[in-house]
Amino acid sequence: MSRSSQENPFDLNKASDFTDQEIAEQWVDLANSAGGLVDILNPKSRMPMLLLGGKGSGKTHLMRYCSAPVQAARYSGDVAQAAIADGYLGIYIPLDALNTDKFAREEPVEDHWSLVFAHYFELWLATALLATIRDCARSQSLVFSEPEFVGAVVELFDIEPAVALSSLDELLDHFTRTRKNIDSVVNNSRLRGERPLFDITFSAGRLAFGMPELVSRHAPDLRDVLFVYLIDEVENLTADQQRFLNSLIRYRRGSATIRVGGRLYGMKTLETTGSGEPIRLGAEFERVVLDEILREQPEQYDGLVRRLVAKRLERVGYATAALSSIDPYFEEVDNRDYWRSVDRHLPKPKENQLAPYHRKLATDLKSNLDLDDLTITTIIDALQVPNHRFLEKAAAFQYRKSWPANLDGAASLAIEVGNQARALDQGDRDAGSDLANLISHFSSDILAQLFHDYARRLPYAGFATMVELSQGITRNLLVNLKHIFRRSRFAGEEPFISGVISIKSQSDGVRDGASWFWEDAQPPSGGLQVRDAVESIAVLFRTVRLSHSPSECALCAFSVPLDALSENSRRTLSVAENWSYLVKLQEGRRNKNSKRIDALYQLGPMLAPRWEVSEHRRGTIELQQDLANAILDPAHRAELPNLMRKRLARLIAPSDSGLPTNPRLI
Amino acid sequence: MQHDIEALLDAKIELSEFAARGQSWDLFISAYNDSQRVQTVFPKVPAARRNWWVIPEYGYGPSDLADLEGPVVLARGSEAQVMKAGLAGSCFDPTTDQRLCIDITGLMRPHILFLMAHLQDIGVTQFDLLYTEPAQYSRRAETRFSIGEDVRVVSVEGFVGAHDPDTSGDLLVIGIGYDHHLISHAIQAKENARVVELHSFPSLSADMYHESILRLDRVSSERSRVAGEVQYSSANDPFVVAASLASAVRVAETRRRVTNIYFSPLATKPQAVGFGLHYLKRMRGTATSIIYPLRPSYDKETSTGVGRSWIYPIHL
Amino acid sequence: MTEIDELWAAEEETPEQTWEMLRVRITVLNERVWENRNQWPQVEAWLENFDGRAGFAPEVEQLHALFLLSQFLFIGSAETRVLLQSVYRDLFLIPLIQEVRATLGGCRDPLIVEAAVNEALAKTRFLGVGNPSESGVHLLYYFRQENRLGKSLFLDSAAVFMSTLDEEGKINRALADPDVERYIFVDDVCGSGDTAVNYSDGIVTELLALKPDAKLHYLAMFATRQGIEKVRSTKFGVGSAAVFELDDSYRCLSPGARILLDAPPHINAATLEKVAMSYGALLRPEFPGGWGDNQLLLGFQHNTPDNSLPIMWAEGDASRPWTPAFKRYAKL
């Protein structure tokens with residue numbers, strides 16, 4: 001399909017933006033060697049599964065890809081043949097359409113509302129299933145004993161329908177009428193405050209699991225086909241409603257099974273109705289976290305998103321870009337020769353004026369070591385690297401990290417560090433090896449400080465950076481690319497047609513993406529608390545990064561003693577993780593002082609540009625119990641300023657003199 | 001029909017014009033809050049009986065209400081519980097209180113909607129709603145951030161449709177207002193629906209439309225931009241809103257098959273009245289619901305001054 | 001957070017940040033409402049006009065200019081069409097329905113009401129304000145399209161009257177169609193109200209002389225409050241209205257200007273005025289704040305009214321080059 005090149009190729013970023021046909025056509029998968037995405041969902045297995053993942057990780061896309069209409073699209077519209085060939089038939093059921101709040105406006109609900117929900121929900125599943133069976137039965141190639149099947153389904157009811165039913169259409173009408181009657185009863189009950197009254201016409205599980213068995217009997221060609229309920233967006237159900245779903249998982253039987261899609265913590269309970277005994281992981285269901293899998297296989301993810309981007313470009317007519325490597329279209333910050341190129345992204349140095357980092361250093365030398373002006377001038381002169389601001393800044397950074405103990409050391413340290421920097425400028429890595437070593441660790445932080453010194457925004461550029469920022473979630477990447485494309489075109493560039501997308505457009509675009517992620521991907525509850533906590537963590541990272549002497553390079557993660565935290569703190573962490581503000585890293589971290597393994601969290605890379613912190617998984621900081629609680633638990637927040645001051649004192653001031661007199665940073 | 005005459009049979013009237021005709025009501029009800037436009041209109045309305053309702057969302061305590069005469073103080077609950085308790089507290093009797101007027105200026109949108117559905121359900125098909133504008137619409141006064149607040153998107157009681165499991169053509173019509181976070185919540189609650197934006201244009205003041213576009217853009221990553229899914233409607237005339245809403249759905253239906261429909265009036269209160277009118281007159285019993293993002297509490301009032309008061313004559 | 005704020009690597013709000021924020025705003029407006037009229041290279045070309053001649057550093061002048069641009073109310077073609085619907089529906093049809101229902105004893109039957117409305121409509125004529133080459137008239141085409149009105153309901157102002165020679169050779173002026181009861185004059189912007197006043201003194205006076213009970217309305221998309229008040233004091237009378245009445249807060253350089261209510265850091269009211277008026281005086285010495293000193297920041301897809309600031313729409317000449325942001329197509 002060719003469209004106007006005015007269209008933003010990344011405008012559409014939700015599964016719901018696509019028709020079944022487009023889902024089939026636009027599908028991209030992992031390279032086969034690792035087993036494709038469909039293998040992750042494993043629709044041919046009878047074992048029920050919870051498919052969890054962050055918002056936009058592709059759960060819905062995957063489930064819809066395995067649903068009957070898209071299966072049919074892959075087999076020239078013949079759903080029966082698709083089912084036989086694939087060995088399964090997917091019944092996609094998004095729960096947002098169930099409008100579950102009408103059964104549970106306030107919790108806890110009275111018992112009769114649970115019953116209403118359970119009955120209605122199964123009727124809903126049965127309707128979706130029956131509509132798919134009808135589509136199958138219409139296939140020319142299938143032998144299907146329709147009247148017998150319909151008669152057998154009628155038998156499943158405890159109360160027989162008032163009118164005789166002989167066709168699938170009539171049966172479907174009957175389901176629909178029954179459901180609409182309940183809808184009307186429910187609406188009136190809400191309007192008038194009456195108890196909802198209607199007949200329960202079948203027992204739980206009879207239709208959902210009974211009908212697939214009958215299909216095998218009355219359509220022999222389908223006897224090996226597994227019917228898979230793909231129940232999406234499980235977070236729409238209340239805990240009470242989930243109990244009924246869990247009961248269905250426990251009591252599933254025959255040729256029907258269940259996949260449940262949802263947010264990481266979308267399942268509020270694993271308990272079942274009645275006894276309440278929880279369903280068991282491994283024995284009764286499997287659990288898969290989609291974006292976690294993708295984060296653990298960065299090469300696979302990288303390949304996946306490249307194919308995805310190529311499809312999007314192709315779709316709107318950027319044929320050349322779609323066929324070639326994507327990287328050259330994204331301008332990158334040139335890191336050759338120690339980032340010599342960044343000079344042109346900074347304001348021109350002014351004649352007879354010290355660089356901002358030297359100005360600040362001079363002030364600190366004076367107030368901290370009480371040096372005289374002449375010595376200070378000597379020191380600053382010794383640290384100059386003409387025409388190479390990155391190395392000059394690196395020297396100042398090194399100087400601060402080593403910080404002279406006394407007046408005597410001050411000048412010699414400057415000469416030593418300055419010589420190293422100038423040696424590197426001349427290409428002499430041996431003479432500059434100490435500084436080169438420091439740079440290899442701290443380059444991204446030095447860069448961040450340098451841009452901060454000049455009140456310029458830190459660049460984020462290059463396609464690989466975009467992939468890294470997306471944290472294993474394809475929609476994040478598409479959202480960033482959408483903003484980048486728009487920024488680029490506004491700037492008068494011709495993205496994917498000629499030239500490159502400038503560093504500025506990319507940096508602006510990822511900031512737009514970060515704003516969206518931060519402001520509009522809002523948890524429905526507990527949001528304020530989580531946002532305060534995440535902001536504190538981000539600002540802590542930023543403060544360390546821009547400090548006098550950062551303790552960690554490229555800080556982006558923290559470890560906490562999970563067991564020692566307050567209940568509130570743990571909840572904050574899980575909500576933050578649920579909304580991908582924080583990413584829990586699997587390895588954990590062994591605590592330095594005990595044998596305990598602490599939980600390890602990374603600040604969501606999507607948010608990194610907002611606070612200009614590192615998006616790479618490198619530096620980690622340990623948050624002890626009291627500081628962690630102060631950040632994560634509003635009840636302890638009052639303690640935060642003091643604890644933070646203690647934690648940061650050594651990093652932000654040039655000496656151990658205790659609290660900084662002037663807390664402003666470099 | 002070039003214009004939806006049926007929807008436009010009734011028109012808003014200025015309160016002063018109504019009063020000048022010498023007409024009055026049997027019962028007048030208003031939801032109390034701090035704004036001048038609620039407080040100054042109350043004594044001026046020609047009515048045999050006048051009653052304040054104190055709704056729970058504003059969080060008033062007894063000391064705030066000392067000066068009010070016989071207020072009906074309402075406990076927390078769903079819109080159905082709160083509004084029914086209000087009518088009971090005002091001893092509303094459809095046989096004697098034949099002419100009823102309710103000031104919606106201080107009510108929440110779900111309250112307004114439920115009241116309309118409930119009155120219709122108990123056979124009160126004619127009543128008046130009153131709305132008072134602030135003195136000046138400045139985009140600042142309308143600014144309200146709900147960022148990070150607890151929000152729950154619910155179906156408004158009395159507006160629960162009979163929905164279909166086939167969701168392939170679900171439609172969400174959003175009355176675009178100033179609070180883009182609410183828009184974001186509504187869109188997320190119906191992620192599978194295609195979104196029709198009903199913009200308030202002409203806006204209440206000339207610059208508000210541009211501001212709302214800018215705010216809407218901040219949730220743009222949430223929405224798809226399928227061409228033609230932008231429609232326009234009046235910001236302050238519920239009858240025009242009802243007509244535009246009907247036409248917006250019609251246009252959407254001509255483009256792609258529609259399965260379930262959700263309406264979410266997130267702009268002005270008069271807009272909510274318009275959504276209610278259209279639903280109660282034309283959408284009851286279909287696969288259509290009105291949904292609304294509920295917040296636990298609201299500001300007592302942000303606007304200043306008293307502008308024109310409008311009467312909306314409702315015939316259901 | 002306040003106590004701890006001072007400890008953080010706090011950001012001061014720099015002019016660069018204001019600049020970036022305004023650039024974002026323009027990016028969005030350009031895409032969503034300005035119909036891509038001003039991409040950044042065009043914006044930069046316009047900003048280059050501000051080179052320090054108002055007495056400030058060029059970057060200060062440009063920041064203030066950028067702010068004004070970011071507040072520009074551009075009414076695109078889709079919005080124009082919606083406003084034309086609104087002129088018809090809100091200012092004409094809705095009052096007409098109520099008028100008709102009143103004559104029918106409050107009738108609620110949509111079919112009866114519709115028939116009566118159509119009857120009244122048949123005795124109505126719509127006219128553009130200005131000569132056929134001007135925007136009021138130009139808009140009538142879209143007005144008719146949007147409101148699906150019959151061609152016969154539209155008139156050129158010259159066709160209102162019919163002139164005949166009587167036996168004595170004297171020209172007799174009469175109404176071309178004496179059955180017409182309502183004359184609706186449609187305009188885009190009523191700034192000073194002068195155009196409408198001219199009409200009132202001319203054609204309207206003559207019309208009323210021939211048919212004293214004719215109902216007249218002057219309806220506009222936009223009007224300044226003073227402008228529309230002035231029109232209401234003419235023979236058009238109180239039936240004159242605008243979809244948007246712009247009060248003094250829309251005079252963008254006045255002390256009560258609404259754009260200043262949420263102005264970002266580094267935008268100063270006095271500087272704003274000096275920048276706009278200094279360059280305005282270079283471009284249009286007679287009215288540096290726009291015609292009638294209306295100081296509007298308003299433009300349409302089809303034209304920019306001269307009531308808007310000249311720095312937005314004026315074009316330079318060889319001796320004083322100037323690149324406009326929203327070009328005005330002047331009446332010749």
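Visitor: What should I know before I start?
Guide: This is a predicted model, in which local features need pLDDT of at least 70 and side-chain atom pairs count only at pLDDT 80 or more, while totals for chains, interfaces and linings use all residues. Residues are numbered from 1 along each chain as its sequence is written, and chains are lettered from A and ligands numbered from 1 in the order in which they are written.

Visitor: What share of chain C is buried?
Guide: Chain C has 11 helices and nine strands, and its C-alpha atoms fill a box of roughly 90 × 50 × 30 Å along the principal axes. A residue is buried if 20 or more other C-beta atoms lie within 10 Å of its own, exposed if 12 or fewer, and partly exposed in between, with C-beta atoms placed from the backbone. Among the 332 residues in chain C, the buried share is 41%.

Visitor: How many bridges join strand 6 of chain B to strand 13 of chain B?
Guide: Strand 13 of chain B, residues 309–315, has five of its seven residues buried. Two strands pair if DSSP finds at least two bridges between them. Strand 1 of chain B runs antiparallel to strand 13 of chain B and is joined to it by two bridges, with Glu14(B) opposite Trp310(B). Strand 6 of chain B is also antiparallel to strand 13 of chain B, with Gln126(B) and His315(B) as bridge partners, and the number of bridges is seven.

Visitor: Which strands are at the edges of the six-stranded open sheet in chain B?
Guide: The strand order in this sheet is 7-12-11-8-9-10, with mixed pairing. Inside that order, strand 11 and strand 12 of chain B pair in the parallel sense over three bridges, and Ile261(B) has Thr288(B) as its bridge partner. Each edge strand pairs on one side only, and the two are strand 7 and strand 10 of chain B.

Visitor: How are helix 7 and helix 8 of chain B set relative to each other?
Guide: Helix 7 of chain B lies across strands 8, 9, 10 and 11 of chain B, and helix 8 of chain B lies across strands 8, 9, 11 and 12 of chain B. The two helices pack at about 55°, with their axes 7 Å apart; axes are lines fitted to C-alpha atoms, for helices over the stretch in contact, and angles run from 0 to 180 degrees between N-to-C directions. Angles under 35 degrees count as roughly parallel, over 145 as roughly antiparallel, 65 to 115 as roughly perpendicular and the rest as oblique. Helix 7 and helix 8 of chain B are therefore oblique.

Key
Helix = DSSP H or I, 4+ residues; strand = E, 2+ residues; numbered from the N terminus. Contact = placed C-beta atoms within 7 Å.
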